Each structure stands twice: as structure tokens, then as C-alpha cells.
Amino acid sequence: MASQGCSVASCPQVMFKKGYCIDHYRQYNDAANVTAPGKEQNVVPANRLADLHNRFKELAAKPIEDQVELFLKSFIFELGDDWKQINVLEKAFRKRLSDANEGKPDLNPIMAADFLQKNGIERTALQRKEEIKDIDLDNNDRIAFVEYLLLHFKSMILKAYYTRVERDCPFDLNNHAVGVVGVGPQLLDELFTMPVGLDPELERAIEEFTAKKRAREGRMKELNEKAALGGVKGLAAVNEIKQLDAADMTDMNRIEITLNAAKRKASTRSGDVALEKKKKQQEDEEKAKAVASRAKLTAMASKWEQNK
């Protein structure tokens, strides 16, 4: 009888237990047993976690611009002004891919460790190795840009996650959560949970930002190919590349103004939605208390009548 495969899409390993291969089973089981001293932590249900993994595999296989778009939509409020770091990191990541000359859109663990050392917080060799392995959420032994973003902003994402689920974070997030592992489920859950009251205008601004970057990258690819051929056309391509590089900052500044304006507007709306939600929750709690109080008084009155 042929062995059944893992239930996580695209995972080539055979099933070990409960529909998962041994790696995914351990990952989900470890996540389900994370506890803070004296408290049981909120965990991501296994069926949702499997769905998140499948969605993440699809995302990691998409172009870098699409990965950035989803990341920005999910964390635009938490990032604040740091959203501009993503553009800097993306350029550095693309350069590292180009230097590697593998023709692939992601980095192998050795290259990823080198990239992390040069662009992230200082870590020991063991910490880099463990954290990179921990963040390989599509289990392909390579690091996509979105995986690197989850690692780079891990502390911010975990704070957002535990704030949202209203639980104490059991991990030490000082020093940018360096050395913290076993948090893949939380990072995935927060990545695919869009902020409350995300304004359509802000979404459009992010999508416009992505569209401009996609068009630019497509044009740059064409120009680099022409430049490599040399000659008159190659020289013209080199000149256009320089012009695009010079115009890049101007375009970024223009998009930044639009995006920041949309962020401020959306932040206000998001706050209003959150306030209304909290107000309704308080009202529901007050109603529940009133009902319980009336029931208690009714029970006391009934008992008093019986004892007369």
C-alpha cells in the first residue's frame, strides 16, 4: 500500500501522524504547547495553521512586489515610518540575488545568513542558523523576501499578535527578539490578519506603490539584458538605467506623500472602528451583568417566598 503524503500542499514528505509529515507535525505540536508561566497561551488551530501554510507557500512563490504588497497591507500601522525600510531592504535583497547569479528569487540558507548579518541585528552564527531555519515557513530550504521580512520585523509582529489576542507574550522581545524561535504559527497568523478598518484608499495607495515598482522592475530587467549585449543599444540601455535610478527617489517621495496621507486618514477610521467595537463590547458586558443581577434577585426572592 502506497504511503500517504503530508496534508500541507506542495510538501513532498510522507504522512507521519494526523495527516502531517514529521516536520509539520512537530511544528504544529510545538506551537500547540507554547505556554507562559502559569498560563495557557492562545494557539493557532491546526486546521487554520495548515491553511495558513498553504496560503504562505502561494505568497512566497509570487514576485517580490506581491510579497511586499501583502506585508505592507498587513503591517502598515505597526510599521509607522519604518515602512520605508522595506524598500531599502528589498533593493539590498535583489542585489544579493543578482550577485548570487543563481537565477532564483530566493536565497539559500548560507546566503540568507550572510544577508541577515549585513542587514539585521547582530547575531551569533548559531542564532542566525536557528532563526533562518525557523522562518523557512514554506519548508523549501530557501528564504524568500517575505520570510526575511517576518524575521527582520519579528519583534514588531509578535507584539501585534499578542496584543490582538489579548495574551501576555511568553517570549523575550528585547533586542529585536534575537534568538526567539518556534513562533512561525504566530507570525503567519498575524501576517494574514488584516488590520481593523483598513481603508480602501490606503489599500489603493499600497497597490499603486506595488504597481509602480512592478513596472520599474520589469523595465530594469529589459534594460539590463540590453546593456549586457553592448553596442549602441547597450549604451542607451545603460543611460536609461541611470535615469531610472535617479528618478527612483523622486517617485518614492511622491508615493510616500500619497501613502502617508492615506495612512493618517485610515488610522483615524481604524481608531473609530476599534473604539466602536470596544464600546459595543462594554455595552454587551453591562447587559450581561444586568441580566445576571436580575436573575440573582429573582432567585433570592423565590427562595425567600419559599421560606415564608
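Visitor: Which helix does Gly184 lie in?
Guide: Gly184 belongs to helix 9, which covers residues 184–191. Please keep in mind that this is a predicted model.

Visitor: Is Gly184 buried or exposed?
Guide: Gly184 counts as buried, because its relative accessibility is 2%.

Visitor: What does Gly184 touch, leaving out residues up to four places away in sequence?
Guide: Gly184 touches Asp134 and Leu137. Asp134 is 50 residues from Gly184 in sequence, and the two C-alpha atoms are 6.9 Å apart in space.

Visitor: Now Leu116. Where is Leu116 found?
Guide: Leu116 is in helix 5, residues 109–119. Leu116 is buried, with a relative accessible area of 1%.

Visitor: And which residues does Leu116 touch, not counting those up to four places away?
Guide: Leu116 touches Arg123, Arg128, Ile132, Tyr148 and Leu151.

Visitor: Let us turn to the core. How many residues does the largest nonpolar core have?
Guide: The largest nonpolar core has 57 residues, and Phe56 and Phe71 are those with the most contacts inside it. Helix 3, residues 64–79, supplies the largest share of this core, namely seven residues.

Visitor: What does Phe71 touch, apart from residues up to four places away?
Guide: Phe71 touches Leu79, Ile86, Leu149, Leu150, Phe153, Ile157 and Leu191.

Visitor: Staying with helix 3, what about Gln67: buried or exposed?
Guide: Gln67, which lies in helix 3, counts as buried because its relative accessibility is 2%.

Visitor: Which backbone atoms does the Gln67 side chain reach?
Guide: The Gln67 side chain reaches the backbone oxygen of Lys62 at 2.9 Å and the backbone nitrogen of Phe145 at 3.4 Å. With neighbours within four places in sequence set aside, Gln67 is in contact with Leu59, Ala60, Lys62, Ala144, Phe145 and Val146.

Visitor: Changing topic to charges: how many salt bridges are there in the whole structure?
Guide: A search of the whole structure finds 20 salt bridges. As background, side chains of opposite charge can pair when their charged atoms come close.

Visitor: Which residue forms a salt bridge with Arg214?
Guide: Arg214 forms a salt bridge with Asp66, and the closest N and O atoms are 2.3 Å apart. This pair links distant parts of the chain, since Arg214 is in helix 10 (residues 200–229) and Asp66 is in helix 3, 148 residues apart. Arg214 counts as partly exposed at 35% relative accessibility, and Asp66 is also partly exposed, at 22%.

Visitor: Which residues are linked in a network of salt bridges?
Guide: The network links Glu65, Asp66, Glu90, Arg94 and Arg214.

Visitor: What does Asp106 pair with?
Guide: Asp106 forms a salt bridge with Arg142, with the closest N and O atoms 2.5 Å apart. Asp106 is in the loop between helix 4 and helix 5, while Arg142 is in the loop between helix 6 and helix 7. Asp106 counts as buried at 11% relative accessibility, and Arg142 counts as buried at 12%.

Visitor: And which residue meets Lys154 in a salt bridge?
Guide: The side chain of Lys154 meets that of Glu131 at 2.7 Å, N to O. Lys154 lies in helix 8 and Glu131 in helix 6, so this pair ties together parts that are 23 residues apart in sequence. Lys154 and Glu131 are buried.

Visitor: One last topic, helix 4. How many residues does helix 4 have?
Guide: Helix 4 has 18 residues and reaches 26 Å from its first C-alpha to its last, close to the 26 Å expected at 1.5 Å a residue.

Visitor: Which residues of helix 4 are buried?
Guide: Trp83, Ile86, Asn87, Leu89, Glu90, Phe93 and Leu97 are buried in helix 4. These residues are on the same side of helix 4, because they cover an arc of only 170° around the axis.

Visitor: Which residues are exposed on the other side of helix 4?
Guide: Val88, Lys95 and Ser98 are exposed there. Just after helix 4, Asn101 takes a positive phi of about 55°.

Key
Residues are numbered from 1 along each chain as its sequence is written. This is a predicted model: local features need pLDDT of at least 70, side-chain atom pairs count only at pLDDT 80 or more; totals for chains, interfaces and linings use all residues. Side-chain values use heavy atoms; hydrogens and water are left out. Helices (H or I, at least four residues) and strands (E, at least two) are DSSP runs, numbered from the N terminus. Buried means under 20% relative accessible area, exposed over 50%, partly exposed in between (1.4 Å probe, protein chains only). Contact means heavy atoms within 4.5 Å. A nonpolar core is a set of buried Ala, Val, Leu, Ile, Met, Phe, Trp, Tyr and Cys residues joined through side-chain atoms within 4.5 Å. A salt bridge is a side-chain nitrogen of Lys or Arg within 4 Å of a carboxyl oxygen of Asp or Glu. A polar contact is a pair of N or O atoms within 3.5 Å; within protein, one must be able to donate a hydrogen and the other to accept it, and residues adjacent in sequence count only if both atoms are side-chain atoms. The expected span of a helix is 1.5 Å times one less than its number of residues. The arc is that of the directions from the helix axis to the C-beta atoms.
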